[in-house]
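I opened the model to look up a few residues and a helix. My notes follow in the order of looking.

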Amino acid sequence: SYNRVGISVSRRVGNAVYRNRVRRRIQEAVRLYFDEINTGWDLVIVARPPVAQATFHEIETSCLKLLQRASLISEVSPMQLDS
C-alpha cells in the first residue's frame with residue numbers, strides 16, 4: 001500500500017560531496033512526482049557518472065521519463081512538465 005525508493009550512487013560519480021549532491025537531487029526529483037506513482041512498488045535508481053554534470057532540470061526530466069517508461073505514473077499534468 002506504499003512505495004519505497006532507494007538511490008545508489010557509486011564512487012565513479014565522484015567524491016562524497018558530489019555523490020551526496022546527486023543523491024539529494026534525485027530524491028527531490030522523485031519527491032515531486034511521488035504522490036502520482038502507482039502504489040505498491042519498490043524502486044531502485046542507479047545513478048551513472050554523467051549525472052554529476054547534469055542540472056536539476058535534466059535530472060527531473062530523466063526521472064519523469066523513467067517513471068513514465070516503467071508505467072508507474074499514469075498521467076502527468078503539463079504544468080508539472082514546465083517546472
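I call a residue buried under 20% relative accessible area, exposed over 50%, and partly exposed in between, using a 1.4 Å probe and protein chains only. The model is predicted, so I took local features only at pLDDT of at least 70 and side-chain atom pairs only at pLDDT 80 or more, while totals for chains, interfaces and linings use all residues. I number residues from 1 along each chain as its sequence is written, and side-chain values use heavy atoms, with hydrogens and water left out.

Entry: Asn 3. I found Asn 3 in the segment before β1 (4-9); helices (H or I, at least four residues) and strands (E, at least two) are DSSP runs, numbered from the N terminus. I count Asn 3 as buried because its relative accessibility is 11%. I then looked for polar contacts, meaning a pair of N or O atoms within 3.5 Å; within protein, one must be able to donate a hydrogen and the other to accept it, and residues adjacent in sequence count only if both atoms are side-chain atoms. The Asn 3 side chain is 3.2 Å from the backbone oxygen of Asn 38, and a polar atom of that side chain lies 2.9 Å from the backbone nitrogen of Trp 41. Leaving out residues up to four places away in sequence, I list Phe 34, Ile 37 and Thr 39 among the contacts of Asn 3, a contact being heavy atoms within 4.5 Å.

Entry: Leu 43. Leu 43 sits in strand β2 (residues 42-47) and counts as buried because its relative accessibility is 13%. Beyond four places in sequence, Leu 43 touches residues including Ile 37, Leu 67 and Leu 72.

Entry: helix α2. Just after α2, I noted a positive phi of about 60° at Ser 71.
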